Amino acid sequence: MTKAEKVSFAISKLQELYPTIPVPLEHKDPYTLLIAVLMSAQSTDVRVNQITPLLFEKADNPFDMVKLSVEEIREIIKPVGLSPMKSKGIHGLSKILIEKYNGEVPKEIELLEELPAVGHKTASVVVSQAFGRPAFPVDTHIHRLMYRWGFSNGKNVVQTEKDAKRLFPKPLWNDLHLQIIWYGRDYSPARGWDLEKDIITKTIGRKSVIDEYLHKKKTR
């Protein structure tokens, strides 16, 4: 198969498996999505979805959020980890949203990246999922699968994002980044990986990855 045929196979298989794509983090508007994505750093979506309702019950907009102290925010979000940094970020970005944007979340990645505790991936998720603008946020699942499928060299997420944007058609970016995340969780995890169930990697995967998997299986 040529690279183009492999890309085409991956896209069609993902569309077949995930015709409707659930958004992993529960939210009701751009602001609550921004907070949820910020909280998800080095945590799980399941854990974040357990904690955000407790936070949003007290403050689901920047005007109410700044009425809470950093310490109060930290106490609520402690279970998701990195709470000192995240609570400062949530309070700080809420203040800036009020002062600079009348409480609205900006739609540009560059402006979002200027907010405290908001990195490129968080900004990309927000513009993609809240505003429908083409972006390709790369998480650990996407980084792993782009390497397993031979679509990227796996050196870093910056390179993986560039490769994904080069290989996949722009109108599909927003769907694909979510489809690949779900596929990674369901069929191609980092741990407990079963190649027989992972139809995409089994069909188009990087030869060295498949060889290594089979070798490990033999020696177990």
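Which residues does proline 106 touch, not counting residues up to four places away in sequence? The views below, taken from a predicted model, begin with that residue.

The model is predicted, so that local features need pLDDT of at least 70, side-chain atom pairs count only at pLDDT 80 or more, and totals for chains, interfaces and linings use all residues. Residues are numbered from 1 along each chain as its sequence is written, and side-chain values use heavy atoms, with hydrogens and water left out.

**View 1. Proline 106 and its contacts.** Proline 106 is placed in the loop between H6 and helix H7 (109-113); helices (H or I, at least four residues) and strands (E, at least two) are DSSP runs numbered from the N terminus. Not counting residues up to four places away in sequence, proline 106 touches Leu97, Tyr101, Leu111, Leu112 and Phe131, where contact means heavy atoms within 4.5 Å. Proline 106 counts as buried because its relative accessibility is 6%. The term buried means under 20% relative accessible area, exposed means over 50%, and partly exposed lies in between (1.4 Å probe, protein chains only). Proline 106 and phenylalanine 131 are 25 residues apart along the chain, and their C-alpha atoms are separated by 9.7 Å.

**View 2. Leucine 93 in helix H6.** Leucine 93 belongs to helix H6 (residues 83-101) and counts as buried because its relative accessibility is 0%. With neighbours within four places in sequence left aside, leucine 93 is in contact with Tyr31, Leu34, Ile35, Leu38, Leu115, Pro116 and Val118. Leucine 93 and aspartate 175 are 82 residues apart in sequence, and 28 Å lies between them in space, C-alpha to C-alpha.

**View 3. The crossing of helices H2 and H8.** Two packed helices are described by the angle between their axes and the distance between the axes. The axes of helix H2 (residues 30-39) and H8 come within 10 Å and cross at roughly 145 degrees. Axes are lines fitted to C-alpha atoms, for helices over the stretch in contact, and angles run from 0 to 180 degrees between N-to-C directions. The crossing of H2 past H8 is right-handed; a crossing is left-handed if the near helix is turned anticlockwise from the far one by less than a right angle, and right-handed if clockwise. From H2, the contact is made by Pro30, Leu33, Leu34, Val37 and Leu38, and from H8 by Thr122, Val125, Val126, Gln129, Ala130 and Phe131. By class, this contact of H2 with H8 has nine nonpolar, two polar and no charged residues. Ala, Val, Leu, Ile, Met, Phe, Trp, Tyr, Cys and Pro count as nonpolar, Asp, Glu, Lys and Arg as charged, and the others, Gly among them, as polar.

View 4. Threonine 122 lies in helix H8 (residues 120-131) and counts as buried because its relative accessibility is 12%. Beyond residues up to four places away in sequence, threonine 122 touches Leu34, Val37 and Leu38. Threonine 32 is placed in helix H2 and is buried, with a relative accessible area of 1%. Leaving aside neighbours within four places in sequence, threonine 32 is in contact with His27, Phe56 and Asp60. Rings of Phe, Tyr and Trp (its six-membered ring) pair if their centres lie within 6.5 Å; planes under 30 degrees apart count as stacked, over 60 as edge-to-face and the rest as tilted. By this rule the count is six aromatic pairs. The rings of phenylalanine 151 and phenylalanine 168 have centres 6.1 Å apart and planes at 80 degrees, so this pair is edge-to-face. Phenylalanine 151 lies in the loop between helix H9 (140-148) and helix H10 (157-167), and phenylalanine 168, 17 residues apart from it, in the loop between H10 and helix H11 (173-186). Both phenylalanines are buried. Ring pairs link Phe136, Trp149, Phe151, Phe168, Tyr183 and Tyr187 into a cluster. The charged end of arginine 206 sits over the ring of tyrosine 147, 4.1 Å from its centre; for such a placement, NZ of Lys or CZ of Arg is within 6 Å of the ring centre and within 35 degrees of the ring normal.

View 5. Glutamine 42, in the loop between H2 and helix H3 (45-58), has a positive phi near 55 degrees and is not a glycine. Glutamine 42 is exposed, with a relative accessible area of 75%. Asparagine 102, in the loop between H6 and H7, has a positive phi of about 50 degrees and counts as exposed at 64% relative accessibility.
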